[in-house]
Amino acid sequence: MNSIHYLKAAYAATWIIHLTYISILYRRYRRLRREIDQLKGK
Amino acid sequence: MSTSFKITRATLAKDIRLEWRSKDAINSMLFFALLVVVIFSFAFDPTAEESRHIAGGLIWVAFLFAAVVALNQTWARELRNSVLDGYRVSPAPANPLFLAKALGNFLFVAMLEVLMTPLFIIFYGLRALGPAWELLPVAALGTWALVVNGTFFAAMSLRTRNREIMLPLLLFPISIPALLAMVNATQNILTGEESARFWIVLLGTYNVVFTIACLLLFEIVLNAE
Amino acid sequence: MKRAFLILAVLSIALLGFATYEGLFVAPTEQTMGDVQRIFYYHVPSAWTAFLLFFLNFIASVLYLIRGNDFADRFAKWIAVLVGVAGCIAAFAIKPMPYGIEPSSVATTALAITGIYFLIRKYFPDERTDVLALVAAEVGVVFCTVVLVTGPLWARPVWGIWWTWDIRLTSTLVLWLIYVSYLALRRFSTSGQTPSIAAALAVFGALDVPLVYFSIWIFRTQHPQPVIGGGGSIDPRMLHILLINWLAFLSFAALLCWARYQLEILHRKVEETHALEALLEPEGKR
């Protein structure tokens, strides 16, 4: 049953990697939006 | 055709002359390679039998790191006093410049190898069990493989924020097949266990492919602002 | 546009959920490896997706380098058509196919290459080619990372080792390294011609991959190693679920690429605006 841990780890790792990337994109998007608002404000 | 040759020869002569007077690159390369050899011999402490197996890898790692030291310097010299800009503005084609730089680097690294090899033989008690003469094409092809891509990527790295780290970062992954070939060929020749022929063919192919690629694409890199 | 994106998002999530369920609960348990083998349903589709994305980057890089050069453009078009034609001919002419490759997959792959070339050329002109290249490389690296993490996690319980220098693992690692260096070049380059320089690097990377393959092949011929992941036929039920997972990950990759693409376009517009502002600022205002 030890090998089941590897299965869980692999599936978990996959989603951790994807979700990390999505959060990076989201943060970049927020920063960009802020910049645009600043530009619009001028 | 002959203009290209003249340009290559002139640029190469200039680089050799500058290097001969200052001995910048060769000194730092030499010292660095020596350090690597000494540290490796502390780290591994091999018997004569084992040493033949790992010497191939150690030698080429030492040469690779030393070559990176030299490669970083080659283009840096051109940046000072806007020499590179002068070249870009001139009607001279880009390839002779690249060839001259690559040949210059090749000569410097080859000189380093000639100086370091006796040291390696002494430190590791090496003696080739296979055909020792085959080490010459391996060394020549291997050095050119590192140098041709290294010169190209060094030019690429000129326009980056962290120039010195960018060169190895770009060079190492692309050089993996060549490194594998160099190390295994050297190991095969030293241990005499297998033929190095396949590896030499691979190195030859690698060199042809990437020399052509560098010559075709260098113009883009040179003219990048 | 926004609506299509949302539809794709919902579709991707639904597909992924369904595919994961199938992989974990419906697929038959493998005889020798047990349940751990189910990692395969994530590992293999991620690998195929990563390679497809890297291939997209390669085509986009080539297109970027030859744009504006009429001769190169025509030459490349002919090569693309030739690949498609040659693939179809080879599929029918070479019998039997070496290495047990299906003729239909050769033809499909060749036609896909031609199709991808012309589609990118048509729908992503000029600067957009470069944005596509960047996006494909980035998402490709994400998927490749998944491959390199799930691979050892599968290998360890099944074959007892975390890593081996076999052909597929090593070429995947080298590809990952090349593209990470590609992304580093993009990020740290201060040149205005970064797209061209990066495209040149992508071409170098593409030239390198077959050489890596060949070098590992020689290496393994001289130093036989444990065979990982076997060749051999696959249970059709497993194949079916594998393909479902691939479809799910492909649509997820498309979603990520689309999002990243829009983000990059927006980013470039903002950069342009900053640049214009700096230009237009009246002299006295410093």
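1. Let's start with chain A, which has one helix and zero strands; helices (H or I, at least four residues) and strands (E, at least two) are DSSP runs, numbered from the N terminus. The C-alpha atoms of chain A fill a box of roughly 60 × 5 × 5 Å, taken along the principal axes. Of its 42 residues, 12% count as buried. Here a residue is buried if 20 or more other C-beta atoms lie within 10 Å of its own, exposed if 12 or fewer, and partly exposed in between, with C-beta atoms placed from the backbone.

2. A word on what you are looking at: this is a predicted model, in which local features need pLDDT of at least 70 and side-chain atom pairs count only at pLDDT 80 or more, while totals for chains, interfaces and linings use all residues. Residues are numbered from 1 along each chain as its sequence is written, and chains are lettered from A and ligands numbered from 1 in the order in which they are written.

3. Now turn to chain C, where you will find eight helices and zero strands. Read from the N terminus on, its elements run α-α-α-α-α-α-α-α. The C-alpha trace of chain C spans about 80 × 40 × 35 Å along its principal axes. Of its 286 residues, 34% are buried. Among contacts in chain C with a separation of 6 or more, 80% join residues 24 or more positions apart; two residues are in contact if their C-beta atoms, placed from the backbone, lie within 7 Å.

4. Which chains touch? Two pairs do, and the most contacts are between chains B and C. Chains A and B do not touch, and their nearest C-alpha atoms are 21 Å apart.

5. Look next at the contact between chains B and C, which takes 28 residues from chain B and 28 residues from chain C. On the chain B side, the elements that give two or more residues are helix H7 (163-191) and helix H8 (197-223) of chain B. That side divides into 21 nonpolar, three polar and four charged residues. For this count, Ala, Val, Leu, Ile, Met, Phe, Trp, Tyr, Cys and Pro are nonpolar, Asp, Glu, Lys and Arg are charged, and the others, Gly among them, are polar.

6. The contact between chains C and A takes 22 residues from chain C and 19 residues from chain A. H5 and H8 of chain C are the elements that give two or more residues to the chain C side, and the largest share, nine residues, comes from H5(C). This side of chain C has 13 nonpolar, five polar and four charged residues.

7. How do the helices meet there? Helix H1 (residues 2-41) of chain A and H5(C) pack at an angle of about 170°, with their axes 9 Å apart. Because of that angle, H1(A) is roughly antiparallel to H5(C). Axes are lines fitted to C-alpha atoms, for helices over the stretch in contact, and angles run from 0 to 180 degrees between N-to-C directions; those under 35 degrees count as roughly parallel, over 145 as roughly antiparallel, 65 to 115 as roughly perpendicular and the rest as oblique. Residues making the contact include Tyr6(A), Ile17(A) and Tyr21(A) of H1(A), and Val142(C), Leu153(C) and Trp154(C) of H5(C). The residues of this contact divide into twelve nonpolar, five polar and one charged.

8. Within chain C, helix H1 (residues 2-26) and helix H8 (residues 236-280) pack at an angle of about 150°, with their axes 8 Å apart. H1(C) is therefore roughly antiparallel to H8(C). Among the residues in contact are Phe5(C) and Leu15(C) of H1(C), together with Phe252(C) and Trp258(C) of H8(C). In all, the residues of this contact divide into 16 nonpolar, four polar and one charged.

9. Which residues touch the most other members of the largest nonpolar core? They are Phe63(B), Ala67(B) and Leu203(B), out of 138 residues. Helix H5 (residues 127-159) of chain C gives the most to this core, with 18 residues. A nonpolar core is a set of buried Ala, Val, Leu, Ile, Met, Phe, Trp, Tyr and Cys residues joined through C-beta atoms within 7 Å. Leaving aside its neighbours within four places in sequence, Ala67(B) is in contact with Val109(B), Leu146(B), Val147(B) and Gly150(B).

10. Finally, is Gly160(C) buried or exposed? Gly160(C) is exposed, because it has 8 other C-beta atoms within 10 Å. You can find Gly160(C) in the loop between H5 and helix H6 (167-188) of chain C. The C-alpha atoms of Gly160(C) and Trp176(C), 16 residues apart along the chain, are separated by 24 Å.
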